[in-house]
Amino acid sequence: MKAINKLILGSAIATLAMSSTALADTTLNALFMSQAAYSEDDIKSMTAQFEAANPGVKVSLEFVPYEALHDKIVAAAGAGEDGYDVVLYDVIWPAEFATRGFLMDVTDRIPADYTDKIFDGAWTTVEYGGKRYGMPWILDTKYLFYNTEILDKAGISAPPKTWGELAEQARQIKAKGVLEYPLVWSWSQSEAMICDFTTLTAANNGAFFEEGQPAFRQGGARDAVSFMKATLDEGLTNPASREYFEEDVRRVFSNGEAAFALNWTYMNALANDPAESKVAGKVKVAPAPGVDGKSTASSVNGSMGLGIPSNSPHADEAWAYIAFLTQKDIQDNYAKLSLPIWKASYSEPKVMEGQEDLIAAAKESISVMYPRPLVPSYTEVSDILQKNIHEVLLDQTGVDEALEAAAARVKRIR
Amino acid sequence: MFGRRRKQEKWILLAPAILVLALITLIPLANTFWLSFTDTRISAIPSPVRFIGLENYIYALTDPEFREALYRTLYFTIVSVGLEGILGVAVAVLLNQKFRGHLILRALIILPWAVPTIVNAVAWRLIYHPDYGALNSLLFQLGLISDYRSWIGDPATAMNMVILADVWKNFPLVAYVALAALQTVPADLNKAAAIEGAGPWKRFWSITLPWIMGPLMVVMVLRTIEAFRVFDIIYVMTGGGPADSTKTASFYVYQEYFNYLRSGSGASYAVLVAGISAVLILFYYSSAKRQATGATA
């Protein structure tokens with residue numbers, strides 16, 4: 001009994017001692033994802049540089065799949081001081097996180113001149129109600145990747161400028177017997193599908209909501225779903241797309257089994273890496289196409305930011321870490337899998353080198369980035385759209401019927 | 001005098017167990033029950049809790065998609081536990097025979113059950129993979145299918161494929177309990193019946209099965225509770241898709257809590273799922289009782 005008492009006392013003293021020297025010796029718990037954008041190795045290497053520059057501050061890294069990121073952040077909000085100090089979060093969550101008080105308002109910590117130096121699309125990631133809840137870090141969108149060898153074989157000289165042309169080229173490739181399914185997408189019942197859907201909606205000048213009411217039943221959003229379904233019906237899209245995530249798209253495309261694919265920045269470097277891809281050197285990237293008379297290119301805002309959960313006891317150290325990761329120099333040095341948030345980076349030789357076509361595409365795509373609905377109930381809206389669009393793609397219901405059902409359910413949200 | 005002291009002693013001895021039970025079961029249960037009648041939300045900004053009566057339950061039960069999920073869960077439970085029962089008993093009867101290597105086989109059969117659910121789910125997802133899955137490869141080489149196909153990406157097959165993965169993992173538990181029970185069946189009873197002219201089937205139905213019914217019922221009840229609240233294997237294998245075709249009732253509890261942050265509403269879904277499991281268990285017990293009285297009569 002006495003021994004136990006001593007032990008408790010001892011650890012209490014130790015805890016006191018640790019908290020009094022918190023500024024000097026801190027371990028930050030940071031949550032990242034292991035999927036697309038910066039690789040685990042990139043993040044570990046940036047973190048090592050931060051630790052070297054800030055003696056006494058250690059960072060404990062945790063990587064989870066994107067699908068688990070939201071729930072981890074929410075579950076840790078109730079963990080008191082044992083939660084996370086830095087979290088990576090998606091552009092679709094700040095509305096929800098801000099209204100629930102999960103993230104610290106860091107508006108005052110951000111230097112005023114940053115506003116103009118960073119792309120607006122990146123700022124969208126961290127802003128809600130005129131306040132900033134972190135720093136943007138990953139400026140990402142879905143690009144159109146194409147296999148030049150397959151296009152050559154089918155006698156196609158230039159990549160498509162519109163989605164109509166893309167379908168036409170896919171038909172040619174199929175007709176000449178080069179590939180059975182020229183297109184591959186991430187159309188599993190997931191957020192990945194909503195990103196493709198958003199890109200197509202943007203191309204068709206569609207809208208999700210108008211004056212708070214669902215507007216996806218007609219116009220561009222409806223055209224987007226019809227297009228998706230038509231490519232399946234025509235046999236242009238690989239039917240297995242309906243259970244694919246981004247990594248499956250990368251694998252199929254890197255195996256030379258698709259002519260066109262929509263994917264995030266990270267696929268550019270990996271599909272051109274001979275160790276990861278059978279089509280290295282034959283991969284080109286362009287902005288996702290537009291639609292005749294409506295748009296010249298299309299793009300979904302798939303950016304992500306870094307924030308400090310409101311229960312973190314180490315806000316200052318956490319901010320130092322975020323400021324380090326998001327600074328221009330660091331981003332410029334790791335610009336292969338994810339592109340910088342800084343406008344000036346896009347004319348830096350070391351960023352452009354070896355990926356000139358990506359940078360050219362990025363300049364165009366970033367300027368037309370289209371946001372997914374910025375509402376606090378986004379997660380639920382997205383789930384509803386996922387289910388109903390998936391039913392269309394699986395031939396279980398018609399386009400109008402599904403979008404009507406989705407709208408009715410969106411109105412039922414509490 | 002003596003009796004009263006005995007009574008006190010009983011309560012004193014039971015107190016630690018009751019305390020632990022209250023702490024880990026009763027209090028959370030009562031709390032969940034209370035939550036289910038409120039509009040509580042998960043938030044770092046404190047807000048007053050409002051009592052809203054049956055509103056959460058009405059919202060849940062008037063949702064046609066949740067009702068579909070309940071039927072789906074019931075389907076999963078009945079088919080999955082049913083197959084595990086049949087397969088488990090059949091394998092147990094085999095393993096109860098004396099043949100060369102029966103001890104090794106007895107040890108091997110437990111392996112699927114020892115695999116963690118998540119690992120099992122990931123492994124089966126790979127087996128079902130539309131492009132390089134082992135199932136496609138096997139069926140293709142046997143000439144049973146002419147083209148690789150999607151197993152868990154097709155709403156028509158997804159649920160049954162998940163059930164197959166669940167049965168593979170869980171039938172060994174049933175088999176083990178049944179095997180243990182089989183070893184207590186008196187051999188002379190079977191011999192006597194054989195002399196009386198009862199064939200193997202007759203002996204199995206009239207002697208063996210009633211004899212092992214008690215332990216078998218226990219493991220079936222356990223499996224039913226687990227199957228009805230199934231979440232992990234489906235979350236990993238299909239995430240509830242394609243087009244919600246594998247989305248079970250527990251998904252709604254998870255979704256309401258962690259995705260939509262409505263803990264009050266989530267609690268009402270949890271109470272509904274727990275309540276239905278309770279009804280299933282009662283049904284089991286009453287049928288087991290009938291069987292037991294039927295066997296002695």
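1. Let's start with helix α8 of chain A, residues 163–175: its 13 residues reach 18 Å from first C-alpha to last, close to the 18 Å expected at 1.5 Å a residue. Keep in mind that this is a predicted model.

2. Which residues of α8(A) are buried? They are W163(A), L166(A), A167(A), Q169(A), A170(A) and I173(A). Looking down the axis of α8(A), you'll find its buried residues within an arc of 165°, so they line one face of the helix.

3. Just past the end of α8(A), G177(A) adopts a positive phi of about 75°.

4. Now the sheet. Chain A has an open one of 5 strands, in the order β8-β11-β7-β12-β13, and the pairing is mixed. At the edges sit β8 and β13 (295–298) of chain A, each pairing on one side only.

5. At the β13 end, β12(A) and β13(A) run antiparallel and are joined by 3 bridges. There, V291(A) stands opposite S295(A) of β13(A).

6. How do helices sit on this sheet? α8(A) lies across β8, β11 and β12 of chain A, and runs at about 125° to β12(A). Helix α11 of chain A (residues 246–254) packs on the sheet too, touching β7 (143–147), β8 and β11 of chain A. The direction of α11(A) makes about 150° with that of β11(A).

Key:
Residues are numbered from 1 along each chain as its sequence is written. Chains are lettered from A and ligands numbered from 1 in the order in which they are written. This is a predicted model: local features need pLDDT of at least 70, side-chain atom pairs count only at pLDDT 80 or more; totals for chains, interfaces and linings use all residues. Helices (H or I, at least four residues) and strands (E, at least two) are DSSP runs, numbered from the N terminus. The expected span of a helix is 1.5 Å times one less than its number of residues. A residue is buried if 20 or more other C-beta atoms lie within 10 Å of its own, exposed if 12 or fewer, and partly exposed in between; C-beta atoms are placed from the backbone. The arc is that of the directions from the helix axis to the C-beta atoms. Two strands pair if DSSP finds at least two bridges between them. Two residues are in contact if their C-beta atoms, placed from the backbone, lie within 7 Å. Axes are lines fitted to C-alpha atoms, for helices over the stretch in contact, and angles run from 0 to 180 degrees between N-to-C directions.
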